[in-house]
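My entries follow in the order in which I checked them.

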Amino acid sequence: MRFRLKRTCKCLGILVTCIIVYFFVNCGFEGCGKQQLDPIHVAKSHPKLGKMINIEDFWTPVKTKIVPDGAGSNGQPVQTAPENQQDKDRAYAEYGFNQYISDKISLDRTIKDTRHNACKKRTYPWSLPKASVVIVFHNEGWSTLLRTVHSVINRSPPHMLQEVVMVDDFSNKEFLKEKLEDYTKKLGNGIVKIVRTNERVGLIKARSIGAINSVGEVVLFLDAHCEANVGWLPPLLERIALDRRTAVCPTIDFIDHNTFEYKPMDPYIRGTFNWRFDYKERPVRPEDMRKRKDPTQEVKSPVMAGGLFAINREFFHELGLYDPGMFIWGGEQYELSFKLWQCGGQLENIPCSRVGHVYRHHVPYSYPKADATLINFKRVAEVWMDEYKEWLYDKKPELKNVDPGDISDRVALRKKLKCKSFKWYMENVANDTVRSIYEPLRANGPIRNPGTNLCLDSLGRKAGGEVGLMNCHGMMGNQAFQYTFLDEFRQDEACLDVSQSHSGAKITFYGCHEMRGNQEFKYTSKKKLVHVITNNCVTATNRGYPVMEPCVDKPEQIWEITLNDLSKITTKKKA
């Protein structure tokens with residue numbers, strides 16, 4: 001009886017939480033009854049853009065398409081049967097997600113409308129600039145790629161869709177050659193065209209190729225495993241029509257890589273970064289939420305996630321497209337975001353535009369240039385970040401000796417466009433989303449117990465894995481930890497984390513959240529590592545992993561860490 005009561009209470013708690021989340025997403029802070037749209041958002045005519053109609057009244061092909069219920073309808077999850085586990089494993093190995101399940105789902109499947117209710121009351125100009133939708137692919141699965149194309153054509157007003165430009169980055173799968181050519185010729189009255197590269201150039205260069213081969217007034221980039229939702233296109237095009245220097249991103253919903261379930265995400269977030277160039281998202285501050293005119297209003301964002309955005313094609317060319325000296329992918333979102341803001345543009349997230357995206361479990365193919373991301377980061381830092389580049393190099397020291405290649409053309413472009421300083425960007429755009437006090441690392445190296453000559457070791461594990469203990473090898477790698485000014489010990493994006501207070505608790509890796517809590521450790525003058533919340537000490541064992549125990553005077557709790565000399569550095573130093 002006690003077990004059933006406990007389970008019932010748990011289920012009720014989950015139900016209540018779901019209801020609260022539903023009403024928050026659809027009604028915001030003020031409640032459904034108090035919401036009012038800005039009059040200009042429901043007007044029948046716009047002073048600059050002319051006649052306006054309700055978003056629900058735009059005709060799109062999906063309105064006359066009959067799609068029978070089937071696997072994955074309405075964005076519901078599809079499970080893999082136990083007897084098909086090998087098919088699933090092969091799919092993951094080849095594509096990085098469950099292509100086996102994707103192939104069972106209709107290319108025209110229905111998905112849930114995840115927009116805020118207020119979005120359905122909005123009016124938009126009838127006459128908006130036409131978009132060229134650019135989709136880059138390399139050895140993509142048939143159904144994920146074509147479902148992306150189908151969703152764009154099905155859910156876009158035809159008079160706003162100039163073309164779909166598919167850029168094949170040197171795929172070698174046979175079905176992506178003649179079969180794809182023949183299939184796409186039948187879609188949307190010939191609206192799809194395929195551009196192929198003669199060698200593997202990577203996502204960044206392939207996107208520039210797509211933009212160069214586009215003719216629409218707006219170029220709109222999507223990844224090759226997306227699903228455009230209802231009413232997605234007019235909200236993006238309207239912002240660019242009002243200001244050609246505005247780049248816009250849809251709200252990116254989540255498509256599960258295993259079951260292909262379509263899940264809504266919070267539209268009121270801002271993209272940003274930390275000083276290791278890890279992409280981060282921060283919520284809109286409560287005080288700014290209260291200032292918003294209505295729930296459909298755009299959200300200014302310092303950094304784009306990278307994959308899904310729209311921009312005026314001519315303005316994109318004026319900005320020099322993507323940096324041609326960058327390789328494959330990684331860092332391009334920073335280059336473009338910094339360039340936008342510093343050179344007279346702006347970046348917005350649009351709550352009423354929704355596009356689902358499959359985030360791969362892993363990248364299933366290799367790249368010809370292993371250090372591509374480091375080169376890209378270095379180019380961004382040297383061209384756009386001025387003296388703040390030293391903050392990046394301090395947190396990511398492997399960048400210091402990277403050769404960025406010739407950046408003279410990018411420096412000349414910045415000078416030609418009369419772009420603002422990175423200090424201006426930090427103070428006026430990034431402001432509260434990025435830590436703006438200089439915080440050098442307290443240490444960067446191994447954590448060694450001298451009595452056993454054992455070092456903390458990640459064993460290659462990431463978030464969710466347990467921290468190990470191995471013989472110290474002095475080669476850094478999995479035994480190198482950064483001790484930050486927030487008193488974290490981190491490797492890349494994973495931090496040491498202790499969630500239990502009992503003696504013998506294990507230390508795990510968890511995504512660094514920069515909010516101290518379970519991830520705050522103090523290294524004392526007695527060479528102990530004290531977990532602040534539990535007041536327990538990191539203790540070496542002979543079991544291959546450390547544990548947390550009450551702090552006492554014993555050698556297993558002594559740790560050697562080489563601290564940096566910070567005596568001449570002030571933490572209030574501004575760039």
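I take two strands as paired if DSSP finds at least two bridges between them, and I take helices (H or I, at least four residues) and strands (E, at least two) as DSSP runs, numbered from the N terminus. This is a predicted model, in which local features need pLDDT of at least 70 and side-chain atom pairs count only at pLDDT 80 or more, while totals for chains, interfaces and linings use all residues. Residues are numbered from 1 along each chain as its sequence is written, and side-chain values use heavy atoms, with hydrogens and water left out.

Strand pairing: I found S4 (residues 131-137) running parallel to S5 (residues 161-168), joined by 7 bridges, with Val136 bridged to Val167 in S5. S4 also pairs in the parallel sense with S7 (residues 218-222) over 5 bridges, where Ile135 has Leu222 as its partner.

Burial: I count a residue as buried under 20% relative accessible area, exposed over 50% and partly exposed in between (1.4 Å probe, protein chains only). In S4, 7 of the 7 residues are buried, so the strand is largely enclosed by the rest of the structure. In a regular strand the side chains alternate between the two faces of the sheet. I noted that both faces of S4 are covered, with Ala131, Val133, Ile135 and Phe137 on one side and Ser132, Val134 and Val136 on the other.

Helices: I found 8 of the 10 residues of H7 (residues 233-242) buried, among them Pro234 and Arg239. In H10 (residues 332-342), 11 of its 11 residues are buried, including Lys339 and Trp341, and just after H10 I noted a positive phi of about 95° at Gly344.
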